[in-house]
Amino acid sequence: MQGRTASTKTGSSNARTSYNITLDIDVSGRTYTGTQTVRWVNSSDRSSNVLYFHLYPNQRLPLQRGTQTSNPAASTEEASADEPRLEITSVRLTSTKAQLPFVLEDQAKTLRVILRESVAAGGATEITIEFKGSVPEID
């Protein structure tokens, strides 16, 4: 079912971090694309120019991965086809649409976004993350 859209917001105050997620799901293809707009408020007492996000679909325990075979290459291909995946395609500053550099760490389980300017304590910034992914077929 293509074209399904869901939106979620958390944080009702201007002084809170908020998330707005739009998701387009292709059920038959077991894929999705989406955007997440994050308004981040720096609640620490120091300025910061880095944001971290956990990419939970990419975080699976080794015992949850595909079955082991005698062919390591086949095992890797089978495991990757049989696992959910989340790929970050773009990170931008919402106000200017300027691309922001980002790095995937911890075997693509953590997204580190480098802001162009530090956000002062109590300050805020808004970024938009574009992503796509897939989910395995479940019997």
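Reader: How many bridges join strand β3 to strand β8?
Author: Start with the general idea. Strands of a sheet pair through backbone hydrogen bonds, either parallel or antiparallel. Two strands count as paired if DSSP finds at least two bridges between them. Here, 11 bridges link β3 (residues 31–41) and β8 (residues 124–134), and the two run antiparallel. Thr31 sits opposite Ser134 in β8.

Author: A word on the source. This is a predicted model: local features need pLDDT of at least 70, side-chain atom pairs count only at pLDDT 80 or more, and totals for chains, interfaces and linings use all residues. Residues are numbered from 1 along each chain as its sequence is written, and side-chain values use heavy atoms, with hydrogens and water left out.

Reader: Which way do β5 and β8 run, parallel or antiparallel?
Author: Antiparallel, with eight bridges between β5 (residues 85–93) and β8. Take Arg92: its bridge partner in β8 is Thr128.

Reader: What is the strand order in the open sheet of three strands?
Author: The order is β4-β7-β6, and the pairing is antiparallel. The edge strands, β4 (48–54) and β6 (102–105), each pair on one side only. From one strand to the next, the twist averages 25 degrees. For such angles, axes are lines fitted to C-alpha atoms, for helices over the stretch in contact, and angles run from 0 to 180 degrees between N-to-C directions. Four bridges join β6 to β7 (residues 110–119). Among the residues involved, Leu104 has Leu111 in β7 as its bridge partner.

Reader: What pattern does the protein chain follow along the sequence?
Author: Helices (H or I, at least four residues) and strands (E, at least two) are DSSP runs, numbered from the N terminus. The pattern reads β-β-β-β-α-β-β-β-β.

Reader: How much of the protein chain counts as buried?
Author: Buried means under 20% relative accessible area, exposed over 50%, partly exposed in between (1.4 Å probe, protein chains only). Of the 139 residues, 26% are buried.

Reader: Which residues are closest to the centre of the largest pocket?
Author: On a 1 Å grid over the protein atoms alone, a pocket is an open set of points where a 1.4 Å probe fits, with protein on both sides within 12 Å along at least five of seven lines; lining residues have an atom within 4 Å of a point. The largest pocket holds about 320 Å³ of space. Of its 15 lining residues, Ile21, Gln36, Leu55, Leu86 and Phe131 are closest to the centre. The largest share of the lining, three residues, comes from β2.

Technical notes
Grid points are joined across faces, edges and corners, and a volume is the space filled by probe spheres set on the points.
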